[in-house]
Structure formats: structure tokens, C-alpha cells
Amino acid sequence: MARSNEVNLNECKMVVPLNTWVLISNFKLAYNLLRRPDGTFNRHLAEFLDRKVPANANPVDGVFSFDVLIDRGTSLLCRIYRPATAEEPQPNVAELEKPVAAEVVPVIIFFHGGSFAHSSANSAIYDTLCRRLVGLCKAVVVSVNYRRAPENRYPCAYDDGWTALKWVNSRPWLQSQKDSKVHIYLAGDSSGGNIAHHVALRAIDSGIDVLGNILLNPMFGGQERTESEQRLDGKYFVTLRDRDWYWRAYLPEGEDRDHHACNPFGPNGRSLEGINFPKSLVVVAGFDLIQDWQLAYVDGLKKAGQEVKLLYMEQATIGFYLLPNNNHFHTVMDEISKFVGVLVHEAHVPVAFVISVLLSRVRVIERNNEIREAFCFLFETTE
Amino acid sequence: MPLYDSASSSAGSCSGSSSSSSSSKPPPPPPLQQDIDGLLAVAGYKIRSSELRQVAQRLERLETAMGNSPADFSQLASDAILYNPSDLAAWVDSLLSEFAQPPTCSSEFIPGPVNNGSTTAESHTPPVQQNITYEQRTLDNQLTVVTATEEDSGIRLVHMLMTCAECVQRGDFSLASSLINDMQGLLARVNTVCGIGKVAGHFIDALSRRIFRGIGGGSVGGGGYAFESEILYHHFYEACPYLKFAHFTANQAILEAFDGHDCVHVVDFNLMHGLQWPALIQALALRPGGPPLLRLTGIGPPSPDGRDSLREIGLRLAELARSVNVRFAFRGVAASRLEDVKPWMLQVNPKEAVAVNSIMQLHRLLGPDPIRNSPIETVLNWIKDLNPKILTVVEQEANHNQPSFLDRFTEALYYYSTMFDSLEACRVQPEKALAEIYIQKEIGNVVSCEGSARVERHEPLAKWRRRLSGAGFRPLALGSNAFKQASMLLTLFSAEGYSVEETEGCLTLGWHSRPLIAASAWQAVAEAGSSAACVG
């Protein structure tokens, strides 16, 4: 038993930088303290341990933030992040909701992770990530402080997400000047990814256009034990046991993991064929034990004819996107900015040619030394 | 206005000295004391980089301890009073003292991998104890679509390169140099073993040389570089078909031009290792009616170390000629620059059929000043005066001599990207690596040199056509047999992607429809001398 622990600890230490290892291991440790075997959760200790940061209406690195209560009934808060413009270094309260200035401004509704139970919109790690997304995508980011399990089970998180979506869609000051519509993307990591999917689902036929879903290591599962779950159980910070605990905490009591919230393309799932579902960018970490479910999700979208791009980051563990100290982080950030459509074209170079250079590939056949000699004498003399 | 239900530490998360202090001020910037890990500080944890290893080990101990009795752990957590989670080291220690059993013996703990806890990307040496086996992912287990993301970083790099070149053109060197830094950072995240990353790397180097060392710091020159250049040339010859194509096509044209002549004289503008000539000698040997007397005059840079390398090559060629019964004479002309060669040095006999062979040499004669009598005109004039049966010209099919730096840069990026891409087909080392260096030097000259130092002044075929016609030459069409043989050559070289094209009597070899090298043949318009048999 101790032996296999040692194996596991060594493995994950080899694939992440040391400070990442310390961070995620610390989370793992803390989370172990918080989950009680009887299914209850030590919420007070969780809030004590969670490192939080306040909103800051003073721009820091070009981004300022403020909190808004968008539903009094459920105390639903969102933290809004906006890029600071040059002329307003210190927006006053009246200017927080100043209309967005550009032709097209993406608005990313972000759902933080934490397996439905942990973290908040004002958690330091998520505040950092959202700020980064603002700069990266030239976007406004709305981070939703959704209600968490086990105190609030399914469908509370989805309800909150849906409320946030409606709220964002109806803000005049978030409308892009080009078409006076709000250009909305849904994004989330872990449970947040799961929420993004389900909110997008609810948005179908509602008249609210979601332009794209960005799912980072989205949390999905099912009754079956998949190969990746068995192979990677306990190896890279995450155990099947804790995954099970979180699903039990979120899903309605008595439901199993084939509930459609957990397993959207499973036996109780809804077909997305012919549905106007947004395009998806799905990031899967190669060391995430639930990757089989994530890949099945991608598959499910594809089979339903939906547009989906998979980024499989082979050597990535969960949480790789929390610290900008690895290649996966940068790769994914680049992809996200591309997905939200903000690659700036400096118009000197037709990108097409670069593509053609990059995409050309050669199949090599073995060179034969004899042939090389022979060609020297391969002349037809004129008759 | 703290609206969230965070009981404490909403603002004090980064200072970490006292346990709970809520304030409505924005959080202080992370403390920049000695080696605090900046990334963890932003995440709300204060820990020194030097402590990371230690804390990691303690986390492992805690984990092990927890593994032994998980239920106890959460119970104890409810009861214990914990302080200051931001001070990670202290917090972990406090947990350890609450929960962990003291270790029975130190051999139970695996020493951490040898790293210094720096915040760079994941490359760790494996742990010392290897008696643990675990399933290891094989590298060819790639489901990955990382090439798509490579593309994107590649595109970013290209855009940045263009911006940087534009800055250079505008003279904004400070912005250019900061772009260089950015690009080097971005390079670290891109695969530089192949593809756009590799090419970009060379262009970034060339640009930075231009910016930091000034133009004229040319890496291409005569003298001491000659020997090195020959080696690189030879490997470039081996690694990809461009030079072979050049030699092959030129030889075919020369062979045809020498038809019916008994005394023939080839003037080679750049002998190198004489790679082109064994094949011609062989072909002449096999010619129906017997071989002519062959004279070869090879021009090349003087050897730096007193060796007469030209003569050595001549001797080897003479031996080959002897072995196939071709009467052969060799003369070497040492000159650092082609324009230093005077026609009398070539000792051309008026009765011989002369072939002048220029493989990627004429562009070097295009001096910086197009108005004045540049060397190209001088040389073309005396070539004409030699009245050659044929002038074979092979040149890079590229527009690297435009007046605007940005235009040149763009063109070079496209051209050399394509060439590098084609080089991926080569699997032979060190040929491939040295061929790349050969190309890299060209890039360096095109991008970072100016004035007389910039010798790689490639011009496209269309321009050469105009220039040569204007100088009094008429084109000799390369026939379908040349085309056929060039195609056969490519089949033998057997890499898909190369393409031979015929265009108005000239042949080009390219990669995927982008021509990279063009071969053409010419004859002086002035009266073609009658081919009299010569005596002796």
C-alpha cells in the first residue's frame, strides 16, 4: 500500500514543475480534509482554506474587476472582468458598466472548477485565470459564483449558469457595436466545463446565441469504469474514489453516474443531432483519469454532427492551466484566443502560404546507395 | 466591498503573516522578498522557491500518513484548529505534527527527483531508485493534435517576424529588438526540430545579427570560409536534389552542345569539389564516335592553407578521365571573387567549343549599385567574347534582391521555409544537418548583410531572361529529354513532393509547386563560330 503510494507520488512529480506539484498536492490534501465519508462537506474549513482575492476596480495589468449581484433570490454573484482602456485609468462606479467600445467584444461566461463543491469566483487561482482570459481574448469575462454541492445539488449549478447567461445577454453595455448583440462564449474547467455544456444545451431554442463552448478538462463520468479511470486511478493527484464522492454530492440523491448531467451522451442523454449547438473547444489532459469520458463527449458531439475541436495534451495533468509554467498552458491559451477569433492579422503575409508550408508532409522511401551511383551515368547521348 | 462569504483573509491572502485580517483595500502585490515563488504567490500561497522541495517532501509524508487512515483525517480536520494556510510550509508542518506518524525509517521515502524547483517547464531527471516499475506511456502513443497548435504558434511567429522586419525597415530598432526577445520566448514553445519553428529560428538569428551587429557583418566571405563552404556545399549536394538537378540538367545541355566537336572546353565558375564533372566525363566517354579532348577550367577561391585544392580536384578528375579513356586537361584559376577573373586566365582556344557553366554564381555579380557598371555586365561581356557554344545558368528561383528590405525578407521567409520543408525528407546525417547550415548561411547573408557583403542576390528566372537577352544572349531550350531525365532523377531520389517543370525552355525544380531552382541555357547571339576540328 505504501509502495504504490510512492510510485504514484513519483510519477506525477516527474511530469509537472515542482511548484505546480506543490500547489495541486496541497489542494488534494486540503480537499481530502474537507470531504467526509458520510457525504457531508466541511464548508467552513473550505472557505477558510480557500485563497481568495477581492475584486479590484483599479486596473491591474490592464484588467479591472467588480462584483455584481445578479439574482437576489439565490444570492447569485458574478465577478466581471473588463479590459481597462487607456483613457480611464481609474473608472468610477458609474463607468463600470460603460458600454464596450469595440466592433466585436467577446463576452466569456466562465464557470470555475472544483468538482461542483470547491472554489468560488473569487478564488485566487480563478481570478488569475479570468484576468488572463481578458487579455488573451480581448474579452469581457463574467465569472459565475454558482451554488455548490453538496448543499446545492443538481440542477442548481445549471440554473445559476442559465440565469447568468440570460443576464449577460440582456446587458446593453455588453453588446458589440457591430451588430448590437452580445457575443457570448461559455467556458469552464472541470465542473465548470460540465456546466458550460449544460447551459449551452438549455440555451438551444431560447433565442440566445452561444457562439462557442470552451471546456477545459471538463468533468464527465458514467457508471462504467473506463480503462483510463482504472489505469490512472490515484496516479496524478486524482482518485476514482474522490470522483465518485463528488458525483454523489452533486447528482440528485439516489441517481447513479449515468444521469445525463454526468453522462450527457450516455443512456439517459439527449441527442444533439440536428441541434443548433455551439462549436466546442475541448481540452483533455493526458494524465486525467476521466479522459475516456471526455473523449467520449467529443465523440458524441462529432457523431451528432456538431463542430468540435479536441486538444489532447498528452503529458498534462489536471490543473495545468492554473500556472503559466508549462507548454500546455501556452498552447491552450493560444488555442482559446484563436477559438474566440481574435488572432490579429498584420496583413503582410498571406497566412495561406504558411499553412501550406506547415501542412506539406513527405513520405520518405529508403534511399538506395546503388541507385545513387547509377544516376551519375544515366545519360542518353544524342543519336 | 467583500460580498462573498469568505470569513477571513479576503485581502490578506498574500501577506500571510497574520491569520485573519479582512480589509477592503486591494491586495498588496505579492511580496518580492528573497526568492518567493511568484506563481504560487499569485495563487495565494507564500513559499520560498528554496523551500519547495522540503514542502513537497512533507506533503508526501502527509499523503502517506493519510493513506493509512483516511477517515481519521477528516475527523481530526474538523476538530483541529488550523492557522494561516497561505504560509504553506508552516501549514503543512502543522498538519504533519497533528496527523502524521513519525517516520519509521528514512528508507521508506523516495528521494525527490533532482531539480531545483525552478519554474521552468517539465524536464525532471528520473528518481534515483529504479526498482519500481510502472507503466510508461510510449511516445508513439499519440492521439494528439498538437500539430494544430504548433501551426498556431508557427503563425504567430511568422507574424512577429514580419512585424520585426518592418521595424527594421523603418529603423525602429528598439521595437525590433524587443520583438526579437518575444520571438525567442515564443520559440521555446514551438518545435524547433522541424517545420516553421526551425526556419523561424534561423530568421530570428539573422534579424538579430542585423539589429545588434549591424549590416555588413557578413558571414559569407571568401578566404577562410572557403574550405568550410565546400564541406557544407557537399552536404547540401547530398542531402537534397537541388544541386544534383542543377548539375544533371546543365550536363545534359552541355553534352548536346558539344555534339560533333572534338575539342571541348568547360569553364566552371565554381569548381567546389568538382561534383558536376565525373558524370560529364562518363557521358563523353560513352558518346558514339568517341570522346573529345576535354579541357576543364575550374574557378574557385584560393586555399587558405597553402594547399592547391583546385589542383587536387583536377588531379582526381584527370584520373577518372584516364580510367575511361577521355583525354583530359585541367586548369585551376584561383580567385576570391568571380569579377576578379580575367578572360585571358582561362586560355580559351578559339578553335574549341566552349561551355561556360555557372551554378549559382551569377547573382553574386549583381553589385549593390545597379546603375554603375556592375560586375555582371563586365563578366557577361567577356563570356560573350569567348563565344561559347553554351552558357548554362542555374540560379535560385527567388526574388532576394529587391530594394525593399521587407520585401526581401518576406520572400526569403517563403523561399527558405519551402526549402527547409523539402529537406525534411532527408534522413541522412550529418548531411541533413550540414545542409541546413549551408542554407542558414544563405539566409544570414540575405537578411543581415548589405552592400558588397550581401552576395546572395538571387533574382528570378524572368529577370535573368531579360538580363541575358539584354546582354546579347539567346535562349537555348532545354528539351524534353532533359526534362525526362530530371524527372527520373527525382524518382531515384525518391521523395515525393519535388516537381520538375518546364517553362519556356527552362527547367525548374521545386517543392510542391513552388519552384526553388531554375536551370537555363544560352548562346551568344554574335556569330556562332564554326566548329572546326582542332589539331592535336
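1. F409(B) has a relative accessibility of 1% and therefore counts as buried, a term that stands for under 20% relative accessible area, with exposed over 50% and partly exposed in between (1.4 Å probe, protein chains only). F405(B), at 6%, is also buried. Helices (H or I, at least four residues) and strands (E, at least two) are DSSP runs, numbered from the N terminus.

2. On the basis of the model: it is predicted, so local features need pLDDT of at least 70 and side-chain atom pairs count only at pLDDT 80 or more, whereas totals for chains, interfaces and linings use all residues. Residues are numbered from 1 along each chain as its sequence is written, chains are lettered from A and ligands numbered from 1 in the order in which they are written, and side-chain values use heavy atoms, with hydrogens and water left out.

3. Aromatic pairs. Over all chains, the search of the whole structure gives 26 of them. Rings of Phe, Tyr and Trp (its six-membered ring) pair if their centres lie within 6.5 Å; planes under 30 degrees apart count as stacked, over 60 as edge-to-face and the rest as tilted. F116(A) and Y250(A) form a stacked pair, because their ring centres are 3.8 Å apart and their planes at 10°. F116(A) is in the loop between β3 (106-111) and α4 (124-137) of chain A and Y250(A) is in helix α8 (residues 240-250) of chain A, so the pair ties together parts 134 residues apart in sequence. Both residues are buried. The rings of F405(B) and F409(B), with centres 5.9 Å apart and planes at 40°, are tilted. Ring pairs also join Y233(B), F236(B), Y242(B), Y438(B), Y498(B) and W511(B) into a cluster.

4. Charges over rings. The charged end of K279(A) is placed over the ring of F339(A), 4.3 Å from its centre. In chain B, R467(B) lies over the face of W464(B), at 5.6 Å from the ring centre. The criterion is NZ of Lys or CZ of Arg within 6 Å of the ring centre and within 35 degrees of the ring normal.

5. Nonpolar cores. A core is a set of buried Ala, Val, Leu, Ile, Met, Phe, Trp, Tyr and Cys residues joined through side-chain atoms within 4.5 Å. The largest has 141 residues, of which L165(A), L186(A) and W91(B) touch the most other members. Its largest share, ten residues, comes from α2(A). A second, separate core of 97 residues includes M183(B), F203(B), A253(B) and A521(B).

6. S25(A) lies in helix α2 (residues 18-34) of chain A and is buried at 6% relative accessible area. A polar atom of its side chain is 2.7 Å from the backbone oxygen of W21(A). Beyond neighbours within four places in sequence, S25(A) is in contact (heavy atoms within 4.5 Å) with F237(A) and L59(B).

7. S190(A) is listed by UniProt, in an unreviewed entry, under "active site"; such annotations may be inferred rather than shown by experiment. The residue is in the loop between β5 (183-189) and α6 (191-203) of chain A and is buried, with a relative accessible area of 15%. Neighbours within four places aside, its contacts include G113(A), S115(A), N217(A) and Y321(A).

8. W382(B), in helix α12 (residues 375-386) of chain B, is buried at 7% relative accessible area. Its C-alpha atom is 6.5 Å from that of P343(B), 39 residues away along the chain.

How values were computed: A polar contact is a pair of N or O atoms within 3.5 Å; within protein, one must be able to donate a hydrogen and the other to accept it, and residues adjacent in sequence count only if both atoms are side-chain atoms.
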